[in-house]
Structure formats: structure tokens, C-alpha cells
Amino acid sequence: MPLYFRRKKSKISPLLLLPLLLTLASCSVIEGTFSAIKSTFSVLKTGYRVAKKTVKGTIWVVRGTYELTKETTTLVYHIGKFTFEVVRAPLAYPLIRDDIQTMDGLPVKEAIRLGRVKAAPYTVKGRHYAPMSLVSAQTYEETGLASWYGEETRRLPGGHMTANGELFNPSALTAAHKYLPLPIHVQVTNLENGKSIIVRVNDRGPFPSRHNAESGNRIIDLSRGAAEQLGFVEQGVARVHVETIQLEEA
């Protein structure tokens, strides 16, 4: 006896459709959320590119090497219109900052002799200072008060040595900074008159003086020559903007 199969029309209960509809709705919400997240990532990425471009800034071309090597005692180089002459000081010369007690855990002259000064921690009157790394220094910029120093060396016999072993020249375009690696170059702009120069940071300071504890809050100490070009020798201090410049050898 043949068997006959009868096809029945399938009916889907509305109750069975409800979970499916909810799932589809959830997917739609999730997809919308992902779109929003993608949009957020896109904004962040754009912001990073802009920030990166801003930090990079102008690249200055330097002609010739700008660091003393073991074999050299003098070098001359140029950055834009600025000329720098660097001379290695004899170890017998006194430090211009004679209040620096140790550097990298060693007597200062020994650290200089061994070449352990670039970003080495140091102590001044029992206070410890930890300079920033070269990588961190590449994006450094700060606004604050600048002072100038070194006039007293004009009246003293012989020469004086900076914290990285260079001969201190009060007429050169140099500076002292508490936390930047040595040497490094920064652009200093006098915010009171708009004048701007590039200086070689080769010393430590400024530190609080016995007569004025607030002097330690100044962000940079310039040579007399640099202060003259920025136009604040007579007033002694000026509000400045300081930022590391990017160098590329010609």
C-alpha cells in the first residue's frame, strides 16, 4: 500500500520571531556602536598626526659636527646664521658652577674626564637632580623666566669650565639648564620684545642662591652674550619661551 505524504504549510509563531528580531536589532545597535568607535579612532588618529607635525617643527641644518670628540680640543660649526665655537677646557680649570658636588655619583671632574655627563644625575648642595633623556628632550618646550650669568669670570684670572667640560665664554651663545642633556640646542625667544636666538646648552643651572631662593625657579640661565642679543642685560631677567630645535647635518 503506497504511502502518501502530505505537505503542510509551515507557520512561524510570532513568539518565535521575537528573539530573531531582537537579535537583529542588537546587531544593528552594535554595528552602529562600532561605527561610532571607528569614527572616534579616526579623530584620535588625525589629532596624533597634527600633534606629531607640530612637535617636529622646523629642522635646522647644522654645518659640521657639534660635539667634541676625544681627539679634538676646538670645533666651529654653524646653525642658520648663528656661529658656535666650542673649546675643551683643561681639567685644572675651576667649574663656573662650583656648587655642583657630584655627577653620576662621581666627583664632577672625574665624571667629565670619563664622559659621563650628558644626562647624568647630579647633586647641588645635597639636592639631587635627574636630567631628562635625549628622547624626551626632543619635544621639550617651556615658558618662564630667564636670567644671565658669568659676568664675574671677566674679573677672574684664567678660564672656567662648564658642567660638560667646555671652556666657559661669557660672550658666546650658550646657556645653563637644570634638566636638558648636555650639549643640546634650544631656541630662546624673549616674549617681551620678540627677539629670538639659538643657544648651545652646555652647563647646569640656574640654582637657588643664598640671597634669593626664588632664583631657582628660573628655567634657563644664559651667557651675557646671549642676554645681550635678546636685549635684557640691564634688567637682569626676562620672560622667555624655550624649545629644543631639531638638527640635521648638512
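Rings of Phe, Tyr and Trp (its six-membered ring) are taken to pair if their centres lie within 6.5 Å, and planes under 30 degrees apart count as stacked, over 60 as edge-to-face and the rest as tilted. By this criterion the structure contains seven aromatic pairs. The model is a predicted one, in which local features need pLDDT of at least 70 and side-chain atom pairs count only at pLDDT 80 or more, whereas totals for chains, interfaces and linings use all residues. Residues are numbered from 1 along each chain as its sequence is written, and side-chain values use heavy atoms, with hydrogens and water left out.

The secondary structure of the protein amounts to four helices and 14 strands; helices (H or I, at least four residues) and strands (E, at least two) are DSSP runs numbered from the N terminus. Of the 250 residues, 37% count as buried, that is, under 20% relative accessible area, with exposed meaning over 50% and partly exposed in between (1.4 Å probe, protein chains only). Contact denotes heavy atoms within 4.5 Å. Among contacts between residues at least 6 apart in sequence, 67% join residues at least 24 apart.

Two strands are considered paired if DSSP finds at least two bridges between them. Six strands close into a barrel with mixed pairing, in the order β8-β12-β9-β11-β10-β13. From one strand to the next the twist averages 45°, where axes are lines fitted to C-alpha atoms, for helices over the stretch in contact, and angles run from 0 to 180 degrees between N-to-C directions. Strands β9 and β11 run parallel and are joined by three bridges. Thr 174 stands opposite Arg 200 in β11.

Ser 147 is located in strand β8 and is buried, its relative accessible area being 3%. The side chains of Ser 147 and Asp 221 make a polar contact at 2.6 Å; such a contact is a pair of N or O atoms within 3.5 Å, where within protein one must be able to donate a hydrogen and the other to accept it, and residues adjacent in sequence count only if both atoms are side-chain atoms. Beyond residues up to four places away in sequence, Ser 147 touches Pro 206, Arg 218, Ile 220, Asp 221, Leu 222, Phe 232, Gly 236 and Val 237.

Among the aromatic pairs, the rings of Tyr 122 and Phe 207 have centres 6.1 Å apart and planes at 65°, and the pair is therefore edge-to-face. Because Tyr 122 lies in strand β6 (residues 122-124) and Phe 207 in the loop between β11 (196-203) and β12 (220-223), this pair ties together parts that are 85 residues apart in sequence. Tyr 122 and Phe 207 are buried. A tilted pair is formed by Tyr 149 and Phe 168, with 5.2 Å from centre to centre and 40° between the planes. Tyr 149 belongs to strand β8 (residues 141-149) and Phe 168 to the loop between β8 and β9 (174-176), 19 residues apart; both residues are buried. Arg 97 lies over the face of Tyr 149, at 4.1 Å from the ring centre, a charge being assigned to a ring if NZ of Lys or CZ of Arg is within 6 Å of the ring centre and within 35 degrees of the ring normal.

One aromatic cluster comprises Tyr 122, Tyr 129, Tyr 179 and Phe 207. Pro 131, in the loop between β7 (127-129) and α3 (134-137), is in contact with residues including Tyr 122 and Tyr 179. Pro 131 is buried, with a relative accessible area of 13%. Pro 131 and Lys 178 are 47 residues apart in sequence and 7.0 Å apart in space, C-alpha to C-alpha.
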